[in-house]
Amino acid sequence: MSGPVDTWDDDADRSGSWEGVTPARDSRIAHVLLVEDNAHDADLVKLFLGQDERVTWVVTHVETLKEAKQLLSNSEFQVLVVDPGLPDSHGVGSVLSLRAKAPQVPALILSGWEGYENEEGFCPKSEIPQGRLTESLHRLLYGVSHDDITGRIMRSSLSEALRDG
């Protein structure tokens, strides 16, 4: 892989290992694939997800679309958080390419683009500190306002994974 892969949650050490970590919160654990080439933005996402008291977010961070596709072939994630402006891909095609690889996994677009602030499935980077990221992820995974058939299927599979996990 060309860039670093960083996997950790709020309770793990920062060496990249989250194996054996007991969630400090309730039993909800969600695995996130974060595809973001800006280290500061990636750290911001991890910081605010780590402060969520409802879910333990296990974040795997990669910097390129190629790395994300490789991980999607070998790992299971409950949600994708994708910056569409990547070194090896640009635009919504980045997200569509990942969704084609894992159509059962919902995706959240994380970007500095203007004009999409009120769109479902989009989180402006400027609104991460205001809780928009965690609320958007909760809606995608737990169906607070995501009632299409894909959302129901994902909620069902996630509930099974959380029960069995």
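This is a predicted model: local features need pLDDT of at least 70, side-chain atom pairs count only at pLDDT 80 or more; totals for chains, interfaces and linings use all residues.
Figure 1. I109 has its place in strand β7, which covers residues 107-111. Leaving aside residues up to four places away in sequence, I109 touches V82, P84, V95, G121, F122 and C123. The C-alpha atoms of I109 and P124 are separated by 8.2 Å, and these two residues stand 15 residues apart along the chain.

**Figure 2. Strand β2 and its parallel neighbours.** Strand β2 is mostly covered, with five of its seven residues buried. The strand runs parallel to β3, to which it is joined by seven bridges. Within this pairing, L34 has H61 of β3 as its bridge partner. Strand β2 also runs parallel to strand β4 (residues 79-82), and four bridges join these two. Here V32 has V79 of β4 as its bridge partner. In a regular strand, side chains alternate between the two faces of the sheet. Together with helix α1, strands β2 and β3 make a right-handed β-α-β unit.

**Figure 3. The salt bridge between K125 and E36.** Side chains of opposite charge can pair when their charged atoms come close. K125 forms a salt bridge with E36, and the closest N and O atoms of the pair are 3.1 Å apart. K125 lies in the loop between β8 (122-124) and α4, while E36 lies in the loop between β2 (29-35) and α1 (39-50), so the pair ties together parts that are 89 residues apart in sequence. K125 is buried, with a relative accessible area of 17%. E36 also counts as buried, at 0% relative accessibility. Both residues belong to a network of salt bridges that links E36, D41, D83 and K125. A search of the whole structure finds seven salt bridges.

Figure 4. K46 forms a salt bridge with D43, the closest N and O atoms being 4.0 Å apart. Both residues lie in helix α1, where they are three residues apart, about one turn of the helix. K46 is buried, with a relative accessible area of 5%. D43, by contrast, is partly exposed, with a relative accessible area of 45%.

**Figure 5. The salt bridge between E135 and R54.** The side chains of E135 and R54 meet in a salt bridge, with an N to O distance of 2.8 Å. E135 lies in helix α4 and R54 in the loop between α1 and β3 (56-62), so the pair ties together parts that are 81 residues apart in sequence. E135 is partly exposed, at a relative accessible area of 35%. R54 is likewise partly exposed, with a relative accessible area of 37%.

**Figure 6. Helix α4 and the residue that follows.** Helix α4 spans residues 132-142, and nine of its 11 residues are buried, so the helix is largely enclosed by the rest of the structure. The buried residues of α4 are R132, L133, T134, S136, L137, H138, L140, L141 and Y142. Just after α4 comes G143, which takes a positive phi of about 70°.

Note on methods:
Residues are numbered from 1 along each chain as its sequence is written. Side-chain values use heavy atoms; hydrogens and water are left out. Buried means under 20% relative accessible area, exposed over 50%, partly exposed in between (1.4 Å probe, protein chains only). Two strands pair if DSSP finds at least two bridges between them. A crossover is right-handed if, with the strands pointing away from the viewer, the path from the first strand over the helix to the second runs clockwise. Contact means heavy atoms within 4.5 Å.
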